[in-house]
Amino acid sequence: MDNQNLSLIERIRDSDVYFSFIKSPTAIISTIILTIIFFCSFFVEFVAPFNPFNPSSLSLMDAFTPPSWSEDGISKFLLGTDGQGRDMLSTILYGSRISLIVGFSAILFSLILGVALGLTAGYFGGKYEMFVMRITDVQLTVPSILMALLVDGIARGLISKESHDEMAIYVLIFAIGISEWPQFARVSRAATLVEKNKDYISASTIIGVSNIKIMFKHILPNILRPILVIGTIGLALAIIAESTLSFLGVGVPPTTPSLGTLIRIGNDFLFSGEWWITFFPAIFLVILAFSINLLGDWMRDTLNPKLN
Amino acid sequence: MKIKNFLRILLTISLVFGFSSAWAKSIKWSMKGDSLTLDPHAQNEGPTTMVSRQVYEALVTRGLDMKIGPQLATKWKAVNPTTWYFYLRDDVKFSNGTPMTSEDVVFSILRAKQPTSDFKEYISAIASVKAIDKYTVQIKTTEPNPILLNQLSNIFVVSKAWATENFSIVPQNWNASQETYASTNAMGTGPFKITLREPNTKTVFKKNSKWWGNVEHNLTSIELLPIANAATRVAALLSGEIDIVTDAPVQDLGRIESSGSHKVESTPQMRTIFLGMDQGADKLRSGNTGDNPFKKKEVRQALYQAIDIKAIQKKVMRGLSEPAGIITFPGVTGYTKALDERLAYDPESAKKLLAEAGYPNGFDVELRCPNDRYVNDEAICTAVVGMFGKIGVNVSLNSQTKSKHFKELKNKKGDFYMLGWGVPTLDSHYVFHYLYDTGASWNRVNFSNSRVDELIKVMEGEVDLEKRNAAIAEAWKIVKDDISYLPLHHQVISWASAKNINVPIRPNNEPLFRFSSKN
């Protein structure tokens with residue numbers, strides 16, 4: 001209790017997490033990259049040089065301009081333009097925002113669902129636990145992309161074409177979220193089982209604290225570390241899943257392209273030598289997913305070496 | 001015992017060699033979309049006819065030179081201006097072995113006149129048809145019909161016995177998504193027969209050994225493998241998985257030619273791409289103004305002049321298109337260079353026109369597009385959406401696969417749509433009859449003009465060519481001045497194939513595999 005008097009910043013500085021962070025160049029670099037990407041994506045209206053979805057700023061005659069450093073490139077379009085004359089850099093930034101929103105929301109959805117089910121399953125045990133855990137087993141046998149495709153297919157059948165484009169992003173979040181939750185359920189159940197038998201829980205039970213309070217106030221904070229770790233790695237997976245679905249043409253509509261949609265569109269021009277239309281969104285996606293993964297790796301090493 | 005072993009060995013050898021590609025001459029053919037149905041009278045659509053043409057035959061047909069010549073009929077004569085006699089070949093068999101007679105021809109023409117047929121307008125001028133004897137058919141037209149042969153060249157003959165046996169007497173009701181035996185099976189007299197049909201995946205044609213004609217091809221089979229994605233289609237072609245692509249993506253022609261083992265052929269296609277605006281509805285389904293701006297000619301002209309067709313030609317079509325002023329192309333009776341002139345691209349006066357019409361801030365509307373039918377259809381739509389945005393008209397794009405697009409169009413959904421029109425009869429009448437006649441099945445802009453309707457009647461019945469041409473010219477002038485449609489361009493098609501494949505390219509984009517070879 002000796003650090004009670006220190007300010008928050010000093011407490012952070014004093015922690016082993018901070019120490020491990022400044023000792024890890026990969027963690028620092030990936031954090032810097034992610035900060036830049038997050039910043040650019042969320043303030044894209046101010047950062048991007050053009051608004052690629054405002055038709056009055058576009059000119060079809062600008063289409064297929066190569067990146068600015070190549071022979072026919074012009075400095076106005078740093079990474080060149082696509083087949084409709086849209087600036088690639090701006091399109092990528094707008095696209096990465098969609099990808100990040102879908103990724104974050106999906107992982108949040110599966111985190112809440114998975115932790116709630118895993119925590120209660122681990123805590124109550126019995127037939128309920130068996131039921132929940134068997135569902136995760138069954139779902140883990142279905143590849144998550146297949147699961148997401150299935151959900152998307154059903155949603156397309158249920159939702160009319162007119163409202164589908166508006167609903168597409170929610171369907172996508174649900175589809176990816178529902179395919180990732182078993183990971184969270186398993187980890188949180190395992191961690192709950194460990195915590196459940198510790199003395200402080202027994203003590204709480206004896207003095208008559210309600211089950212809900214024990215679960216969410218006492219156990220949850222103690223199992224957050226492993227959940228955060230798989231949450232971070234899951235985020236990279238969710239972003240890739242979103243891109244995969246959009247690449248397959250079942251994700252967000254081309255009117256609001258995400259990174260996957262951009263790669264799909266660019267794919268049509270690969271043979272004709274306009275490589276930049278697909279290359280830059282792809283490389284951007286690689287950097288984004290790679291940085292999140294590296295950060296997740298570092299978090300796993302630091303926060304929960306046992307998961308390794 | 002010995003004989004049994006010998007037979008086994010023989011069987012093994014024949015299997016090994018029978019299936020090796022060196023022996024079987026098979027062409028693997030690919031395009032963006034598939035035939036919509038195998039029923040030869042259910043859908044009047046390009047790729048559908050392309051597939052039917054390999055297995056079905058008509059009384060007369062267009063050869064490689066696009067001229068009408070005999071097919072199932074050897075000769076014909078008109079005994080008076082409205083009565084025709086067709087004399088059939090007596091050696092024609094359907095691919096199941098049953099002989100073809102005048103009964104089948106009469107049945108097929110009547111079948112194509114049923115309400116569920118998409119060819120009923122095509123041959124609406126035929127009043128009656130009857131069999132005179134086993135190999136003679138009499139056709140009566142309502143009025144003297146100068147283009148009867150052109151029309152008959154697309155009316156395929158099916159087996160009456162086969163259709164009756166399989167409950168397919170009436171054409172499939174395609175608009176209501178009906179499935180019939182004839183929509184997934186085919187029984188024609190053509191040089192090939194269909195042995196496997198998996199819609200949108202694979203269709204296998206085998207050589208019809210009972211074909212009556214002089215075999216000029218050396219193929220044993222054709223496989224149609226539609227591939228929607230342009231890059232995948234090209235990759236499949238370059239890797240040898242596909243032998244010929246009849247809609248090679250314009251952006252990849254250079255890459256295909258430079259491969260050394262492939263060739264590219266291009267020809268102006270008999271097809272014009274345009275946008276249609278529903279002028280009949282009182283209120284736009286996808287609009288925000290509570291009325292229908294398309295009713296005003298100023299609005300239609302504003303949209304017309306907002307389209308920078310040169311930019312589309314240069315960037316989207318990479319030069320492989322010809323800007324169009326009317327929905328018909330060189331070679332069709334009634335086409336003139338002057339008619340084909342476009343209004344100038346002028347976004348400034350477009351804005352003024354919009355303001356004059358009472359929409360200074362534009363309006364909202366949805367544009368419906370196919371994404372697997374025409375050359376770069378979706379990209380053209382995306383480009384025009386941007387161009388309309390510049391004059392303040394806020395267009396949202398709804399692009400979908402052609403079977404959905406056409407079905408919804410025929411079921412009168414949508415205000416603003418893309419369509420392409422070919423003219424298989426090579427006569428302007430075909431365009432007017434389908435696109436401009438009051439209440440015509442593809443007249444989804446709801447154009448109605450009593451003078452044009454009259455002129456269409458003249459085109460149908462007038463045998464004096466000079467008078468007829470004058471009627472066509474007058475009709476074109478009326479509809480062009482009205483801006484009932486927004487013409488975009490005439491397509492140029494490109495076929496890409498391996499060098500050992502020889503399929504003659506034709507301006508109607510229809511391959512005739514009976515003239516094809518594989519070396």
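**Notes on a two-chain predicted model**

1. Let's start with one residue: Leu237(A) sits in helix H10 of chain A. (Helices are DSSP runs of H or I with at least four residues, strands are runs of E with at least two, and both are numbered from the N terminus.) Leu237(A) is buried, with 22 other C-beta atoms within 10 Å. Here a residue is buried if 20 or more other C-beta atoms lie within 10 Å of its own, exposed if 12 or fewer, and partly exposed in between, with C-beta atoms placed from the backbone. Ala289(A) is 52 residues away from Leu237(A) along the chain, yet their C-alpha atoms are separated by 7.7 Å.

2. A word on reading the model: residues are numbered from 1 along each chain as its sequence is written, while chains are lettered from A and ligands numbered from 1 in the order in which they are written. This is a predicted model, in which local features need pLDDT of at least 70 and side-chain atom pairs count only at pLDDT 80 or more, whereas totals for chains, interfaces and linings use all residues.

3. Now for chain A as a whole. Its secondary structure comes to twelve helices and zero strands. Of its 308 residues, 42% count as buried, and its C-alpha atoms fill a box of roughly 75 × 50 × 30 Å along the principal axes. Among contacts in chain A between residues at least 6 apart in sequence, 69% join residues at least 24 apart; two residues are in contact if their C-beta atoms, placed from the backbone, lie within 7 Å.

4. (Axes are lines fitted to C-alpha atoms, for helices over the stretch in contact, and angles run from 0 to 180 degrees between N-to-C directions; under 35 degrees counts as roughly parallel, over 145 as roughly antiparallel, 65 to 115 as roughly perpendicular and the rest as oblique.) On the H9(A) side, Tyr200(A), Ile201(A), Ser204(A) and Thr205(A) meet Ile214(A), His218(A) and Ile219(A) in H10(A). These residues divide into four nonpolar, three polar and no charged. Ala, Val, Leu, Ile, Met, Phe, Trp, Tyr, Cys and Pro count as nonpolar, Asp, Glu, Lys and Arg as charged, and the others, Gly among them, as polar.

5. Helices H3 (residues 25-42) and H5 (residues 88-124) of chain A pack at about 100 degrees, with their axes 8 Å apart. H3(A) and H5(A) are therefore roughly perpendicular to each other. Ile37(A), Cys40(A), Ser41(A) and Phe42(A) in H3(A) meet Leu93(A), Ser96(A), Arg97(A) and Leu100(A) in H5(A), a set with five nonpolar, two polar and one charged.

6. Chain B brings in a sheet: four strands form an open sheet in the order E4-E5-E7-E6, with antiparallel pairing. Strands E4 (73-80) and E6 (126-133) of chain B stand at the edges, each with a single partner strand, so one side of each is left without a neighbour in the sheet. E4(B) and strand E5 (residues 83-88) of chain B pair over six bridges; strands pair if DSSP finds at least two bridges between them. Ala73(B) stands opposite Leu88(B) in E5(B).

7. Finally, where the chains touch, the contact takes 16 residues from chain A and 20 residues from chain B. The chain A side divides into nine nonpolar, six polar and one charged.
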